[in-house]
Amino acid sequence: MSVNIAQLLALPYLQHFFPQKDIELLENVRRTVEQNVAPVVEAGSNYADALDHMTNLEQDMYEISSATVDHSTTLQETAQIDIAASRNWFMFAIALGLVAIFYLITHQRHAYVSRRDRHMRSFASLFAHMTRSRVTALRLFLEGTGSEQPPREEMLKAARSAANELESINDGLLKIAFLQRDSHVLPLAKLLLDLEGRDGIVQLSVDSEAGTQAVPATQFQLVLSELVQNALTAVENTDRPSVVVKASVVQRPFFRRNVLFLEVADNGVGMTPEVLRKAKTPFFSTRAGNHVGLGLTGCSQMVATLNGRLFIDSKPGAGTVVKVRIPIGA
């Protein structure tokens, strides 16, 4: 008993958290055992003196046991309070997280609706912008045919041209409008083969992995056709015109996703910094009213629907390089 009490008193926990009164009771029990009981037991006589101290020892040990039970109960209650507090904090954190998620969903929904409305307005403005001059040409032709004289050949030619351009515009805009429903995919090499040797100028440089990559046919056809047509227009007055279309796949195993890089480079006139800044501006063009394609703005938005990005690098007299970066499955 004396040894056990000494070990109890040496516990750091007991010194820090047990009441001083109970520690003094333990020390008193140890002193009584060592000074009054142990010598009698060792001497083998006067047991009556040792028994006289046992009543006090019993009382002290009972008080110590009661204090231990009370302290244990207090610790359990404190632990329950801590557990309840932790649970409440956990529930609060979950509630806060749900509120944040709800806010993000609401914000994203609002942003999506705003973006959709903005795209609809841009789409309507694009249609009006691209058809206004053709409709005017047809109106002039119809007004001219009201006279008794037959329409001149120039007017007929302009009317046919306007009608063909309107048909081309409608076809292009319909493709843009319904491209999200078009699940038709083709290997990239098959789409690029249609461009090879175009006007005897376009050259291809495609690695094997990029060539076999399946891509959305409609979106890529529209983007590639527009970028190549822009490049061909840029090299019209160049002595040795060159348009190079490159495609490659960059492995990114860490992100479990690869990246498809497309590049259309020409050695044409290039762009001034001012033109380059406006290159992605809606309806901005350096080709007057004869162009009925997507434009770089449409290309950029089309690439964005594929979670990609479009970059332009150009300098006057040094040509233009348009780079498209699109993530693909690993």
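What you see is a predicted model. The average pLDDT of the protein is 78, and 79% of the residues score at least 70. Of its elements, helix α2, residues 12-17, has the lowest mean pLDDT, at 69. The highest, 90, belongs to strand β4, residues 243-250. Where pLDDT is low, the predicted coordinates should not be read in detail.

Now helix α3. It covers residues 20-43, which is 24 residues. Where does α3 have a kink? The kink is at V37, shortly before the proline P39, and comes to about 35 degrees. V37 is also one of the buried residues of α3. After α3 comes G44, with a positive phi near 75 degrees.

Last, the aromatic rings. The count is one aromatic pair. That pair is W89 with F92, and its geometry is edge-to-face, with 5.9 Å from centre to centre and 90 degrees between the planes. Both residues sit in helix α4, residues 47-144. They are three residues apart there, so about one helical turn separates W89 from F92.

Are the two residues buried or exposed? W89 has a relative accessibility of 61%, over the 50% cut-off, and therefore counts as exposed. F92, at 48%, counts as partly exposed.

Note on methods
Residues numbered from 1 in each chain as written. Predicted model: local features only at pLDDT ≥ 70, side-chain atom pairs only at ≥ 80, totals over all residues. Heavy atoms only, no water. Helix = DSSP H or I, 4+ residues; strand = E, 2+ residues; numbered from the N terminus. Expected span 1.5 Å × (residues − 1). Bend = angle between axes of the 7 residues up to and from the residue. Buried < 20%, exposed > 50% of the residue type's maximum accessible area, 1.4 Å probe, protein only. Phe/Tyr/Trp six-rings, centres within 6.5 Å; stacked < 30°, edge-to-face > 60°. pLDDT = per-residue confidence, 0-100.
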